[in-house]
Amino acid sequence: MLPYPSGWFCLALSRDLAPGAVLTRRFAGEDVVLYRTRDGRPYAVRPYCPHLGAHLGLGTVEGRNLVCPFHSFAYAPDGACVHAPGGRAPRIRLEHHTLCERDGFVFVWRGHDDAPPAWEIPGVPGAIPPPTAVWTADVLTHAQDLSENSLDYRHLNTLHGVAARELVPPQAEGPFLRLRLQLAPKPFPTLKITSEYSFLLAGVGCFRTDTSMPPLGLAIHLWAMHTPTGPRSTRMLVAAACTGLDGTPRSALPLLRQPLARSVARGILWGAVNALKDDLKIWNTKRYEPRPRLAAGDEAIGSYRRWVRQFYPPS
């Protein structure tokens, strides 16, 4: 069985973590508590109060402090206990996870042996487009299987009736893998949408597709986030957003084009989810093959397998 990989993994949408909110998310076999202070800063901590072990996911935010639901011990953003009822605050501290926000997503870092982040999640060039449409599912497979699926061109034709042609083969750039494909048939032929797609894999947990619709003056961004929740379970989040071709965010587009951008994003997500439902049947019943018998046409999978080794401890 594959171990948990290192890298950045999405635990929430930024819009779900409003100021004062507290969320619990399952990540790599344990809970992570996310919260946002009243001044808008997000944090991620290990779930249990060091006083008597209450789960901080049931806590509240007061100002800039996370408050335990059991005895009202208050913890500052640096993790230090700054308040205890009826006396001096003890010298105890919460353990933090490293957190960052990109493009409307909240990411948490996982490093082997608690190693600090070695790279950053790349954002969409230009203005940040918050996701317009979102879909999630729990999948009974390792996160690597979901990430690897984007390099399995053969299944596109068999499972989805789509032919793929490599325009630019997979190119490894440290923790990033980039490629460019032409896909046919086009999802909306009457709109003459380009069938060329740029793919970016940022570690095992983040996959982004970028394409454009020149007739509508829109660029389309589709994300697939793969967050391991257990040894063989993954939370998959798929989201879509549209910007102007120059990276202009949807909110800055002319008023008449903003509803169009929202509708296109929802339509793109709907098409992606319909395709993924076929993949889910495979993922939920397949097993991981550590030494696959690759055939002609599977070269991209071989490239992926070599690239992905960097996210695991040396064997």
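## Arg287 and Glu289

Arg287 is exposed, at 60% relative accessibility. In this predicted model, Arg287 forms a salt bridge with Glu289. Their closest N and O atoms are 2.7 Å apart. Glu289 has a relative accessibility of 33%. That value makes Glu289 partly exposed.

Elsewhere, shared partners join salt bridges into one network. Its members are Glu30, Arg46, Glu95 and Asp114.

## Arg180 and Glu196

The side chains of Arg180 and Glu196 meet in a salt bridge, with an N to O distance of 3.3 Å. Arg180 belongs to strand S14, which covers residues 176-184. Glu196 belongs to strand S15, covering residues 196-202. The pair therefore ties together parts that are 16 residues apart in sequence.

How accessible are the two ends? Arg180 has a relative accessible area of 28% and is partly exposed. Glu196 is also partly exposed, at 28% relative accessibility.

## Arg208 and Asp210

The side chains of Arg208 and Asp210 meet in a salt bridge as well. The N to O distance is 3.0 Å. Both residues, Arg208 and Asp210, are buried. Each therefore falls under the 20% cut-off in relative accessible area.

## Overall count

The count comes to 15 salt bridges. Among them are Arg287 with Glu289, Arg180 with Glu196, and Arg208 with Asp210.

Notes:
Residues numbered from 1 in each chain as written. Predicted model: local features only at pLDDT ≥ 70, side-chain atom pairs only at ≥ 80, totals over all residues. Heavy atoms only, no water. Salt bridge = Lys/Arg side-chain N within 4 Å of Asp/Glu carboxyl O. Helix = DSSP H or I, 4+ residues; strand = E, 2+ residues; numbered from the N terminus. Buried < 20%, exposed > 50% of the residue type's maximum accessible area, 1.4 Å probe, protein only.
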